Amino acid sequence: MSVTVHDLRAWKAAGRRFAMLTAYDFPTARILDRAEIPVLLVGDSVGRNVLGYANELPVTMEEMLHHVRAVSRGVTNALVVGDMPFMSFQASTEEGVRNAGRLLKEGGAHAVKIEGPQLDLVHRLVEIGIPVMAHVGLTPQSVNGIGGYRVQGRGEAASLILDQAQALEKAGAFSIVLEAMPAELAAEITRTLQIPTIGIGAGPHCDAQVLVIHDLLGITDRPPKFAKAYADLRAETERAARAFAREVAEGTFPDEEHSYH
Ligand code: KIV
């Protein structure tokens with residue numbers, strides 16, 4: 001049965017932890033769906049991980065739609081969340097509503113993710129039936145304002161993030177990503193909120209954890225400290241490419257098994 005935003009809330013109430021992964025393409029989405037990952041995020045991290053941008057800022061709505069469509073086509077059970085890219089919602093609530101609608105209507109997403117305390121927009125989207133995953137702490141679209149990819153919410157800044165998380169829950173968000181903050185702060189937010197918290201670099205006490213798929217697979221060149229690689233696909237891909245090139249040079253590929261007559 002397909003996962004819904006209500007399931008995630010029920011899982012939190014039942015104390016059941018869950019995993020979320022990013023996905024950017026059809027075959028990966030199919031594999032992750034088969035692996036019973038309940039939530040796939042088509043993150044604007046597609047910019048750094050797939051498109052070769054230096055950060056998330058250049059990612060456009062058209063690029064997001066392209067990748068959200070591919071992931072949606074690969075999924076049978078998982079909840080697909082489409083990320084709202086930089087400047088798709090910051091200028092006005094109306095523009096945010098229109099662009100969030102596009103991710104569902106044209107992309108096939110089931111929900112959207114929005115960075116920062118966009119309370120009016122979250123409220124309006126929930127009112128019209130578009131579920132919203134919130135995102136606080138390190139919000140990469142604000143990398144220039146923050147001055148780099150730094151841990152947020154240390155010392156007195158903790159209460160600001162706690163307030164934002166509570167306000168976003170009140171505005172109707174169905175879950176919230178907590179990125180790069182002290183584990184103690186994430187634990188307090190998790191205790192305080194009824195909606196599930198999804199941590200990335202936020203310690204072990206969140207209701208769920210998310211990783212970027214390229215970090216999980218060991219493809220990323222310089223992964224962040226909080227990312228754990230569960231495979232080494234960079235080395236494996238290089239090994240396979242070298243083996244292919246060697247067999248072509250030697251004339252041992254294609255052999256009988258891979259030829260037609
Ligand atoms: O864009 C993204 O992949 C994200 C996750 C890291 C939460 O926002």
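**Entry 1: terms and model**

I note first that helices (H or I, at least four residues) and strands (E, at least two) are DSSP runs, numbered from the N terminus. I record that the model is predicted. I looked up the confidence next: the mean pLDDT of the protein chain is 98, and 100% of its residues reach 70 or more. Among the elements, I found the lowest mean pLDDT, 94, in helix H7 (residues 143-146). Strand E2 (residues 39-42) has the highest, 99.

**Entry 2: Glu 36**

I looked up where Glu 36 lies, and found it in the loop between helix H2 (26-34) and E2. The phi of Glu 36 is near 65°, which is a positive value in a residue other than glycine. I set beside this that most residues other than glycine have a negative phi.

**Entry 3: the ligand**

I then looked up distances from side chains to oxygen atoms of the ligand. For Ser 45, a polar side-chain atom lies 2.5 Å from a ligand oxygen. For Asp 44, an N or O atom of the side chain is 3.0 Å from an oxygen atom of the ligand. For Lys 113, the corresponding distance from a side-chain N or O atom to a ligand oxygen is 3.1 Å. The ligand on its own has 250 Å² of accessible area, and the protein covers 95% of this.

Where does the ligand sit? I found that the ligand sits in the largest pocket.

**Entry 4: Pro 254**

I looked up the peptide bond from Phe 253 to Pro 254 and found that the bond is cis, with omega near 0°. Most peptide bonds are trans. I placed Pro 254 in the segment after helix H11 (233-250).

Notes:
Residues numbered from 1 in each chain as written. Predicted model: local features only at pLDDT ≥ 70, side-chain atom pairs only at ≥ 80, totals over all residues. Heavy atoms only, no water. pLDDT = per-residue confidence, 0-100. Polar contact = N/O pair within 3.5 Å; in protein donor to acceptor, adjacent residues only side chain to side chain. Areas by Shrake-Rupley, 256 points an atom, 1.4 Å probe, with all protein chains shown as cover. 1 Å grid on protein atoms, 1.4 Å probe; cavity = no way out; pocket = protein on both sides within 12 Å on 5 of 7 lines; lining within 4 Å. Sits in = over half its atoms within 2 Å of the grid points.
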